[in-house]
Each structure stands twice: as C-alpha cells, then as structure tokens.
Amino acid sequence: MNRVSSIIHLDYARQHGLTGQGIGVAILDTGIDFHPDFYSKEGGYRLAGFLDLVNHKTHYYDDNGHGTHTTGILTGNGSVSNGLYCGVAPECHFYSIKVLGKNGEGHIEHVLEAIHWLLQHYKEYNIRIVNISIGTNDRHAYPEDSAFVRKVNQLWDAGIIVVAAAGNQGPDPQTISAPGNSRKIITVGSYDFAERTDVIPSSHSGAGPTFSCIKKPDVVAPGSHIISCCPPDKTNGSLYSKKSGTSMSTPIVSGAIALLLSKYPSMSPRETKIRLKNSSTDLSLPHTRQGWGYLNIPSLLSTF
C-alpha cells in the first residue's frame with residue numbers, strides 16, 4: 001500500500017514539529033466532503049470555508065471525490081487509519097472552491113471566478129498557497145499569454161504561491177496543461193521510482209517544453225496509486241481510495257510548501273521556488289521529464 005509519508009520521507013518534518021499549522025491553502029477542485037481526517041487536534045473542522053461556483057450550494061460537498069482525495073493528500077491527519085494515510089501538512093487549514101462538476105468537467109469561467117474571489121479574500125483567511133490539481137485538455141486554446149494563464153499569474157504577483165499539475169497527457173513533448181504552462185507558477189509532474197513494487201511507473205505526466213519554450217515541469221513527486229481520503233458513498237463505505245495522476249503529485253508539493261512556510265512564514269513565492277529548485281534531487285533525466293528533480297522534503301526544510 002502506498003503511504004505518502006513513506007515515499008517522501010516526512011520524518012524530518014515531524015521530528016521538528018512542522019505540520020503546516022497556521023498556513024492556509026485554497027484548493028480548486030470538485031469540492032470537499034466530510035472526513036474525520038480533516039479535524040484538528042482541538043476537535044474543530046479545519047475547513048476554513050467553501051465556495052461552490054458550479055451549483056452554488058452553501059454547504060460543502062464533493063459529488064465526485066477528486067477534491068476530497070487531493071485535500072487528504074495535502075492535509076489529512078490520518079486519524080481513521082491510525083496515521084497510516086496521513087497527508088503532508090496535517091495541521092494547515094484549507095478553503096475549498098468547487099470549480100469542477102460531478103464528472104470532473106469544468107469551465108474556465110469558474111476558475112477565473114475563483115481566482116477573482118481569492119484575490120479579494122486571501123488575506124482574510126491567510127491563504128498562502130493555491131493548489132490547482134486541474135488542467136485544460138486543449139493545450140493549444142490556452143497558451144501562456146491567454147487570459148486564463150494571465151489571471152492565474154495575478155495570484156502569484158499578489159504574493160500567493162500557486163502550485164499546478166503538469167497534466168496527464170504525456171510523455172510526448174509540449175504536453176503541459178494550462179495553467180501549468182505559466183512560467184511563474186510551480187508546475188508539478190509525476191515520477192515513481194522503479195524499485196517501488198506496489199506500482200507500475202506511469203508515463204502519463206505532462207512533459208515540456210511549453211509552446212512558449214518554457215522549461216517545465218518544475219519538480220516531480222509521486223503520483224501512482226496514492227491512497228487518500230474519499231467520501232464513503234464513492235467506495236462502498238470505505239473512507240480511503242486509490243488514485244493516480246499529476247493531480248495527486250501536486251498536493252504533495254503544496255503540502256511540502258505549507259511545511260516550509262510554517263518554518264519560514266515570511267518566505268515569498270520567488271524565494272520558495274528557488275528553495276524548491278535548490279533542494280530537489282536530480283534524477284539524471286531530461287528537464288522535460290523531471291524539471292529540477294524529485295521533491296526532497298528533508299532538504300527543502302533544512303537550513304542551507
């Protein structure tokens with residue numbers, strides 16, 4: 001079974017008391033469902049708020065399961081599994097914005113509306129990171145100079161760290177999905193070591209360069225057969241499910257950045273990106289596949 005903590009070596013973070021506490025993350029996805037792993041130590045639900053831009057409901061829900069899964073990877077505390085399936089930053093708080101429907105379908109207008117809302121409210125909820133585990137299927141329709149990508153860049157320019165999936169249309173060149181084709185934000189691809197016996201390493205991860213000849217992805221993280229939180233009605237009552245894709249890799253990196261910010265609260269997006277670059281493990285693969293390399297959390301969090 002695939003435990004995130006064992007793959008990305010969270011021991012260093014736990015030993016130094018780094019859990020993401022006090023750091024807010026906005027998650028643009030299919031929503032969020034109830035799950036015991038999202039409670040805090042004090043007993044409160046760590047969901048800071050919910051915004052439904054698809055069906056305009058006021059109470060949080062996830063009619064697909066994808067959003068609950070990515071949220072669990074990022075910040076589930078593993079309470080149901082006695083810590084076995086603990087997320088990366090189990091004490092950060094999160095704001096869920098539903099931009100995708102029950103079949104995972106979405107419209108750019110909903111994402112643009114979410115970004116507009118974030119630019120107005122991120123300080124109110126101390127949102128330091130935005131996790132975008134989604135991407136466009138039509139890469140040609142949304143180049144780097146498109147209104148969509150430029151709007152995402154506004155989050156970065158406002159001081160918010162944006163982490164987006166490279167997409168699952170690889171491994172051919174120029175298969176990075178928007179908004180991961182932005183040169184500013186952090187784009188995450190998937191890579192799974194061959195020595196892992198529980199998965200067959202996938203080759204789906206979007207590869208660079210972008211159509212604007214920008215080197216992408218920026219970093220890679222595990223993305224195959226990741227076990228995380230799931231609404232019970234999606235898996236016959238089980239509270240965990242297994243999914244694969246760069247959607248799963250992205251919240252691992254977002255969670256790692258939440259740990260970093262809990263140690264260095266004043267770190268800017270640019271400083272975060274540089275530190276991520278300098279701490280990643282070179283896999284001796286082309287940049288189009290690995291970016292700077294494989295996420296190395298102990299190195300990311302240690303003092304250089």
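Predicted model: local features only at pLDDT ≥ 70, side-chain atom pairs only at ≥ 80, totals over all residues.
Two packed helices are described by the angle between their axes and the distance between the axes. In the model, the axes of helix H3 (residues 66-75) and helix H6 (residues 246-263) come within 8 Å of each other and cross at roughly 35°. The crossing of H3 and H6 is right-handed. On the H3 side, the contact is made by His66, His69, Thr70, Ile73 and Leu74. On the H6 side, Ser247, Met248, Pro251, Ile252, Ser254 and Gly255 take part. Of the residues in this contact, 5 are nonpolar and 6 are polar, and no charged residue is present.

Helix H6 also contains Thr250. Thr250 has a relative accessible area of 0%; it therefore counts as buried, the cut-off being under 20%. The side chain of Thr250 reaches the backbone oxygen of Thr246 at 2.7 Å. Leaving aside residues up to four places away in sequence, Thr250 touches Asn131, Ile132, Ser133, Val163, Ala164, Ala165 and Val188.

Helix H7 (residues 269-279) has the buried residues Pro269, Thr272, Lys273, Arg275, Leu276 and Ser279. Seen down the axis of H7, these residues fall within an arc of 165°, so they line one face of the helix. An α-helix has 3.6 residues a turn, so residues three or four places apart point the same way. The exposed residues Arg270 and Asn278 are carried on the face of H7 turned away from its buried side. The cover over the buried residues of H7 includes helices H5 (147-157), H6 and H9 (297-301). It also includes strands S5 (161-165), S6 (186-190) and S7 (219-221).

Strand S1 (residues 24-29) contains Leu28. The relative accessibility of Leu28 is 0%, so this residue counts as buried. Apart from residues up to four places away in sequence, Leu28 touches Ile97, Val99, Val111, Ala114, Leu118, Val130, Asn131, Ile132, Ser133 and Ile134. Among these, Asn131, Ile132 and Ser133 are also touched by Thr250. Leu28 and Asn168 are 140 residues apart along the chain, and their C-alpha atoms are separated by 17 Å.

Key
Residues numbered from 1 in each chain as written. Heavy atoms only, no water. Axes fitted to C-alpha atoms, helices over the stretch in contact; angles between N-to-C directions. Helix = DSSP H or I, 4+ residues; strand = E, 2+ residues; numbered from the N terminus. Left-handed = near helix turned anticlockwise from the far one by under 90°. Contact = heavy atoms within 4.5 Å. Nonpolar A, V, L, I, M, F, W, Y, C, P; charged D, E, K, R; others polar. Buried < 20%, exposed > 50% of the residue type's maximum accessible area, 1.4 Å probe, protein only. Polar contact = N/O pair within 3.5 Å; in protein donor to acceptor, adjacent residues only side chain to side chain. Arc of directions from axis to C-beta.
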